[in-house]
Amino acid sequence: MEMKTGIETFDGVKRLIIVAAHPDDLETLCGGTVVQLVQRGVKVFSVNCTLGDIGTQDAATTRPAVATTRLLEAEEAARILGIEQVASLGHHDGELVADLELRAQIARLYRSTQADTLFTFDPYWPGQIHPDHRAAGQAALDAYMPSKMPLYRPEQLREPDAGLGRIERVFLFSTAREPDISIDVTPVYDSKLAACMAHRSQFPKGLENLEWLQNMDEENGKAAGFRRAETFKQMIVW
Ligand SMILES: [Zn+2]
C-alpha cells in the first residue's frame, strides 16, 4: 500500500478515542499527531487500561502511591496536548487481560464519547513484547463490534449522552507491520516532549531519558522524508 503522509490523512475525524495500556503510551507513541489533531478541532479522549502501578524501580514505594502519581502526571500531559478527558480503567499494570470485563469497559466509552475514530496498539505485531500493550489493543478491537449492537450491555445505553458505538476508522500504533501512514511531527515536537516529560516518575532526567524516543521518531521520519514522524497502520473495518 502507498504510504500516506500528512495530518490530512485524518480529515473527517471529529472525535478520537485512544486506548492505551499505561499513562505515557499515548504521549510517546502518538503525542505529536494528537496535538495536531487538537489544533484542527478534533476532540480527543484518552483511555489508560492500567494504573501503571508497577512503573518504578523503587521497591520501597507502594503500588497505590505509584498509581496516584501517575494519574496526576497523565492529567498534566493531557492538559499540554489539549486532550478532553482521561479515563483510567483501573487494572493492575503487568496483569492486563483482554477479557469480557475489559471489552465492556471500553465499549462503554465508545458509547459515551461517541468517538468516530480509534487509535490503539497493534495487537498482531509479533514484536510486541509487552503483554499489556497486546491486551489493550486486542480489547479495543474486540469492543468495536459489540458497542454498535443494541442488545450488548444495554444498560450502558441508558447513561446520559450515550448512544450506540459509531467508530468508523481504526488506526494501529506501535507496529512494525508495514506502517502505511507517517505523520510529520517535527513542527510540534516541543509539545510532544513536554507532554512526555510531564511523566516525571518515568523520565526523571527529562530529555536525557527520552533519547530512545527521539531516535525512534527520527528513524520513523527517515522512511517518509521528515525529520521526525509517528507511524500508524490503518485497519480497514468495513
Ligand atoms: Zn506502555
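**Entry 1: E8**

I started with E8, which sits in the loop between strand 1 (4-5) and strand 2 (15-20). The model I am reading is a predicted one. E8 has a relative accessible area of 47%, so I noted this residue as partly exposed. I then looked up its distance to A194, a residue 186 places away along the chain. The C-alpha atoms of E8 and A194 are 24 Å apart.

**Entry 2: the nonpolar core**

I turned to the largest nonpolar core and counted 63 residues in it. Which residues have the most contacts inside the core? They are F10 and F119. I listed what F10 touches, leaving out residues up to four places away in sequence. The list is T33, L37, F119, F171, I181, I183 and F232. As background, I noted that nonpolar side chains tend to be buried together in soluble globular proteins.

**Entry 3: helix 5**

I looked at helix 5 (189-197) and asked which of its residues are buried. They are Y189, K192, L193, A195 and C196. Viewed down the helix axis, these buried residues fall within an arc of 160°, so they line one face of helix 5. I also looked up what covers them, and the cover includes helix 1, helix 2 (63-81), helix 6 and strand 8.

**Entry 4: helix 6**

I checked the length of helix 6 (residues 211-224) against expectation. At 1.5 Å a residue, its 14 residues should span 20 Å, and the C-alpha atoms at its ends are 21 Å apart, which agrees. The buried residues of this helix are L213, Q214, D217 and G221. They fall within an arc of 95° when seen down the axis, so they line one face of helix 6. On the face turned away from the buried side I found the exposed residues E211, K222 and A223. I noted that the buried residues of helix 6 pack against helix 1, helix 5 and strand 8 (229-235). After helix 6 comes G225, which has a positive phi, near 80°.

**Entry 5: cysteines**

Last, I looked for disulfides, taking as the cut-off a pair of cysteine sulfur atoms within 2.5 Å. How many are there by this rule? The count is zero. C49 is in no disulfide, and its nearest cysteine sulfur, that of C30, is 13 Å away. C196 is in no disulfide either, and the nearest cysteine sulfur, again that of C30, lies 10.0 Å away. I looked up the accessibility of both cysteines. C49 has a relative accessible area of 0%, so I recorded this residue as buried. C196, one of the buried residues of helix 5, also counts as buried at 0% relative accessibility.

Key: Residues are numbered from 1 along each chain as its sequence is written. This is a predicted model: local features need pLDDT of at least 70, side-chain atom pairs count only at pLDDT 80 or more; totals for chains, interfaces and linings use all residues. Side-chain values use heavy atoms; hydrogens and water are left out. Buried means under 20% relative accessible area, exposed over 50%, partly exposed in between (1.4 Å probe, protein chains only). A nonpolar core is a set of buried Ala, Val, Leu, Ile, Met, Phe, Trp, Tyr and Cys residues joined through side-chain atoms within 4.5 Å. Contact means heavy atoms within 4.5 Å. Helices (H or I, at least four residues) and strands (E, at least two) are DSSP runs, numbered from the N terminus. The expected span of a helix is 1.5 Å times one less than its number of residues. The arc is that of the directions from the helix axis to the C-beta atoms.
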